[in-house]
Amino acid sequence: MNYEAVIGLEVHVQLKTRSKMFCGCATEFGAAPNTQVCPVCLGYPGVLPVMNAKAIAKTILTGLMIGCEITRHSKWDRKNYFYPDMPKNYQISQYDLPLCVGGHVGKCGVTRIHLEEDVAKSFHFDRTSGVDFNRAGTPLMEIVSEPDMRSPDEAAAYLVALKEMLVSGDVSDCDMEKGQLRCDANVSVRPVGQEKFGEKVEIKNMNTISGVRRALGYEISRQATVLDRGEKLQQETRRWDDETGTTSVMRTKEYAHDYRYFPEPDLMPVIVSDELLEEIRRLLPELPEAKRQRFIRQYGLPEYDAGVLVANAALAGFYEKAAAGSKNPKAISNWVMSVSDITATPIRPAHVADLVAVIDAGRISGKQGKDVFARMLATGMSPVTIIEEQGLAQVSDAGAIEAFADQAIAANPKSVADYKAGNEAALNHLKGQVMKLSKGKANPQLAGEILTRKLRG
Amino acid sequence: MSGLHTLSIHELRDRLRRGEVSAREVTQSLLDRIAGVDDKLKAYMWLNPDDALRQADAVDAKGDKPLAGIPIAMKDVLNVAGQPCTCASKILKGHVSVYDATVVRQLREAGAIILGRTNMDEFAMGSSTENSSWGVTRNPWDLERIPGGSSGGSAAAVAGDEAFGALGSDTGGSIRQPAALCGCVGLKPTYGRVSRYGLVAFASSLDQIGPFTKNVADSALMLGVISGHDAGDSTSVPRPVPDYAAALGRGVKGLRIGLVRECQIEGLDREVDAAVKAAVKKLEDLGAEVVEVSLPHMQYCVAVYYIIATAEASANLARFDGVRYGARVAGDDVIEMYGRTRGQGFGAEVKRRIILGTYALSAGYYDAYYLRAQKVRTLIRQDFEKAFQKCDAIVTPTSPEVAFKAGEKTDDPLKMYLSDIFTISVNLAGTCGISIPCGFTAQPKLPVGLQILGKSFDEETIFRVAHAYEQATAWHKERPAL
């Protein structure tokens, strides 16, 4: 039978804030275990949480980027479950009044965005386990999508678009290797044409976007196979194993948690005032799609170039600086796109503009340009300095070229005769001789013009 | 210097400021008293005499800090850096605090000496201090009887002249009821008046820290020190702290005192009723106008309280799991470790309440219990708002009965819960209340407490009424024979 997949994603994003969600501890990644902790994030007896306003602002900013409705009066709830990585054995989260509701990422609907605190990290040794609480209490934003995706590719595209948006808004660095963006997927299959959703399976432990794509691909075919055998699927949570490329059961529905949510009595409700909302609205970055369109319009770039540049905020920023005031923004795009690591390059945007200008003015050839650019990448020097230093400037002095042309004509009577007999290609040989005599510095176009004039004259 | 331990904070402060006694002498006198009588009372769970004397030597007792050189005892539920904090529970055995509660910092800044730790019902759950893993504290007026609870150690210490002042916590009456049963002054401030940071939570939306003292003026002095906004407690309210001392001595003339119709309950002790009625008569004689008010939802208070308080407690006490601190009983896996640690670490009453609260929050029961209880809580709050439109303060008995014998009610938790009937509504409404001595039963001689309730953040009025009554009577001067 033919099946259609129905996919929804739950994405957890660590917010880029200096301090944790409910205490002043640092959030930096990679510190020695249990060095970024205090009584509050360790859940010591008697401590109380205090909200991090920055984290709330970043969540609202995300909501505005995604086009959510911002909840003006939201609140905190306690989500109760026991686990060694949970200092209080409840997580402060948002249950029925999340900060943001609705919105879209591309064509996929977003159900809600809420804020909570991250848990610690468990490590298992031979006979014991350890917990590193550095991560515990890091602001964590959960973005829940509608079940609008129908293929692993659509799910991957959703994640790429979401990531792009969050990075552009400086909400998070979204480094999946550091766990800054984590994704759980809900997936079910149904016979094509059927309206009712199938039994949904939640997949956890996918650590890369390609992992999400592979896990979904595997799970969709697994579910289809089960149904084709005439068996039934059941609601369950499965774990993705990236090495074997398979999923396996973590827990079935009977073992689903009862989180016993109730309003967090230690925190006041979150009231989003008009003033705060306006303040955050001013921080809204240009969204990637709008930026791509603007690059095409403003700089006359092909769609491909706009896509490549906008996908990397640093690259786009570099490009805009280089292209400002340039007569040839497309040429600038070619050079900029060829830089492999824009954040590490010593090149200055203005120097790329200079390089394009000297090539367009005919001072150096395009081929020489490549050498100059390579030297710019290595040294950070300006193209003008490099050209002078290496004596690369083309000879565009007609007098000098005429002298070379005369020499070439005198030394190659056969070519002259061929040309005069109508063999246009013979001109190239003479041009080559002029270039050779000028040690490659003659402006080839000018050399061609002078030779033609002389031979016809 | 003998006899210093019988003084009030104000009396002591005058002598310290005049240089007649030193902070060391005061502290030593108190330590001697504790050494002399605490074998009988068992108010203190932990004491470090050397540390107390060191603090006394470091303080400038002649300075103008409000509590300079005065030792204050702490209920074992408040964090004091470097001191144990066990909440009288086996599960926190050996746990030493790593930070000071905000009230402790405020007391230190006011020049107070942070004395020992007083006994309590485990995690503040109880009305008799019998639910302590450490031992049973005795009532100074009759050593066979309980001191009330849950802050029984603090109340007994102050009433037995083993402390000049003490801090307790009040979630459903845990300051006012033991104050009444021991014959001292106990204040539950308005929710949000005093920072809860550093108070081990029982029920976060109901808990407040408050003082035990020998008289009303001392209570006002201590509240002035421990109240105020704290950025570390989001529920503390940014309101200026009034000069509570200024409220004293203004009399009750022109004040309207409310008597609650619903307080004439079955089970109200005849002598308690008579003492409270006599107190009301006294206030009338002093110029107050008595009006009848109604709190129509009072009959639901105990039910609402035991849903909300246990629900919050079930989450608050989840952190005691043996993973990071306190006692751990090993198991083959983490689930077994949790079960053994909590099974052996918590006492019966704490377990009972965790189970009740977990049940009340469970899927399918939340709406019927927790949500409904919150709605009734709103009605109770509105009852008080309406009542306070008709009067300036409300007067009730603090407890329907006087101190009972140890072991008398331990088999009947429901009966124990019902003894909180007059105090619980105040925590649900978030308002303030004070208990002061208003007489004694005849045989045996046991103290009776008068509860005076005020509007939110109107501690000034209840101090004013309490002080006027206290000035006109001598009950607070009576001392148990120990």
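Predicted model: local features only at pLDDT ≥ 70, side-chain atom pairs only at ≥ 80, totals over all residues.

User: How many residues does the contact take from chain A?

Analyst: Residues count as in contact here if their C-beta atoms, placed from the backbone, lie within 7 Å. On that basis chain B gives 34 residues to the contact, and the number from chain A is 24 residues.

User: Which helix supplies the largest share of the side of chain B that touches chain A?

Analyst: Three helices of chain B each supply at least two residues of that side: α9 (301-316), α10 (334-345) and α11 (348-361). The largest share is 3 residues, and it comes from α9(B).

User: What number of charged residues does that side of chain B have?

Analyst: Let's go through the classes on the side of chain B that touches chain A. There are 19 nonpolar and 9 polar residues, and the charged residues number 6.

User: What separates the centres of domain 1 and domain 2 of chain B?

Analyst: In the domain assignment, domain 1 of chain B covers 4-258 + 389-477, while domain 2 covers 299-373. Taken over C-alpha atoms, their centres are separated by 27 Å.

User: Which helix gives the largest share of the side of domain 1 that touches domain 2 in chain B?

Analyst: The contact takes 29 residues from domain 1 of chain B and 24 residues from domain 2 of chain B. On the domain 1 side, α13 (413-418) and α14 (421-429) of chain B each supply at least two residues. The largest share, 4 residues, comes from α14(B).

Terms used
Residues numbered from 1 in each chain as written. Chains lettered and ligands numbered in written order. Contact = placed C-beta atoms within 7 Å. Nonpolar A, V, L, I, M, F, W, Y, C, P; charged D, E, K, R; others polar. Domains from an automatic or database assignment.
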